[in-house]
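Please look over the sequence and the structure before reading on.

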Amino acid sequence: MNLRATLFRIHYKNLTGIQKRNSKKSFRYLRRFAEKQQTQMSEVSNATSLASKVNSLEAFGEKEQIEGSGQEVYGDNPCWGSPEKCDLQHLFSKVQKRDVVILETKNYIIFNKPPDLRMDGPYPSTVHKVLTFWYPPLSIATNDEEELLSRVSKLHQHNHLDDNALRPCHQLDYATSGILCVARNYEAASAAGVLWENRKVSKSYLAVLHSHIKSNNTLPILKSEVVMSTLSQLERTYRNGRRKSKSKVTFQGFMPPHAIFAKWQSGKAKKKKRKRSQLSEDQWSKVWEPVEKIVPETAISMDWKELCKSKVEWKKTFVEAAAIHNQILRNAREEEPEKGEPSLPTLFMVEEDLYIFCPLAQASSDFTMKIPSSIAQSHASVAKLAAESDDGDFKPSLTRCQILEEATYRGRPVTKVKLWPITGRRHQLRVHTALSGHPILGDVSYSDVNKQEAQTEARLPPRMCLHAHSLALPLLGEPEDWSISTLDPFSVVEGELLIK
């Protein structure tokens, strides 16, 4: 049974009460979770090629053997260790459970994830392995810590054990530290999934950006209610598929072959006057051209299923006619000018805070996210992120940025900020801050400055300076206004940034 089917079975087996009424939304969350797992495993299989493309702290290492495991894993080089010291035993010598498990209830674990730790996968140390060691299911539980460590080290995915109910409710990048909410049972995971699906979650991050952010009086100033209303329209447009995309299969006016056949029958039988059509008479003549060549008028007495079974060649002509009809409409739609499409500027202000809007798309063959070429062309700092085509799956993405204080780090000017991902896209904060001209300190993937310093190790911070600081959501069994935050790892003392 594949991963998606397994999640479906588990979900409906454990669904009760209010969750049953939200089953569709809950399963959408689980389906996305399954797709993420499959994507991660796909990325692992292409790790060698990705490593050659991405000069990053998150680049994949070479395959090596974990002693005693008998399974191939990928090497790592985390900031808390080294290529030789990156296994669970070494991590546990640096990280204590009492320091990183900041809350524990019967339904959830709130984990303060260290930087440079992957969520799961075939690596020496992952969030999955750490929590499975601290909260082992019965199938591997033992009082012998060394034996438990050996058993956990061989597990790479949550579904490797049928009785391992631990499930992360969201994701954090390898290099990002901070709050991670992990469900302890399937009902809790389903409830949290509905909250994320319905945007009932508030998250904030702390980050350190390159250079001091200068005030820009030329940026447009918008009202918060206008911004959120426009964003809702943009997301509705994205969801409903009203974007003009060549890849879109159906659209208003689209006719499948059986509908073309019915229209041909109606016209031949002259049952009723043809309604006003989007196509001209000449265009309809082109549509009917392949049909008129071989299909006799006697076919008007047949139904579509009968024609498909007994007259395959006739069916092919209606398939061809439908393709001609739909292409004519598709071409007309793409030639139409945009009418009333909602939009937001790339950079703008709401009161004292900077907002960054830029749609993001994930390229299957690349580690980094992509942005529309029209935006990349006007922002040199992210020109390398331009997509080959703007027909990709670009999701509306919005970030709020609040300046906290200016400082210096090893002689360079930096700015400490608070970030709110209004939408939650992969690498959103990292791409958007780079787009603003102030990439995150230590983010090698989206900053040429960081890459240059990584090659010489000059003034390079020990980690990427992005930390998930606070989380607020009405968790299952908790009050509506439930929230939690972690300690700040980026302190400023007498104008100098200190990184913990």
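Which residue takes a positive phi in the hairpin of β12 and β13? In this predicted model, the residue is R410, with a phi near 50°. The points below set out the strands around this hairpin, a loop residue and a pair of helices.

**Strands**
- The hairpin of β12 and β13 has 2 residues between the strands.
- Strand β12 spans residues 398-409 and strand β13 spans residues 412-421; the two run antiparallel and are joined by 10 bridges.
- Within this pairing, I403 has V417 of β13 as its bridge partner.
- Strand β12 is also joined by 4 bridges to strand β9 (residues 353-357), and these two strands run antiparallel.
- Here Y355 is paired with R400 of β12 as its bridge partner.

**A loop residue**
- N107 lies in the loop that falls between β3 (101-104) and β4 (108-113).
- N107 has a relative accessible area of 10%, and therefore counts as buried, the cut-off being under 20%.
- Apart from neighbours within four places in sequence, N107 contacts V182, A183, R184, N185, A188 and L476.

**A helix pair**
- Helix α7 (residues 127-134) packs with helix α8 (residues 145-153) at an angle of about 145°, and their axes are 10 Å apart.
- The crossing of these helices, α7 and α8, is right-handed.
- On α7 the contact is made by K129, T132 and F133, and on α8 by E145, L148, L149, V152 and S153.
- Sorted by class, the contact of α7 with α8 comprises 4 nonpolar, 2 polar and 2 charged residues.

How values were computed: Residues numbered from 1 in each chain as written. Predicted model: local features only at pLDDT ≥ 70, side-chain atom pairs only at ≥ 80, totals over all residues. Heavy atoms only, no water. Axes fitted to C-alpha atoms, helices over the stretch in contact; angles between N-to-C directions. Left-handed = near helix turned anticlockwise from the far one by under 90°. Contact = heavy atoms within 4.5 Å. Nonpolar A, V, L, I, M, F, W, Y, C, P; charged D, E, K, R; others polar. Buried < 20%, exposed > 50% of the residue type's maximum accessible area, 1.4 Å probe, protein only. Pairing = 2+ DSSP bridges.
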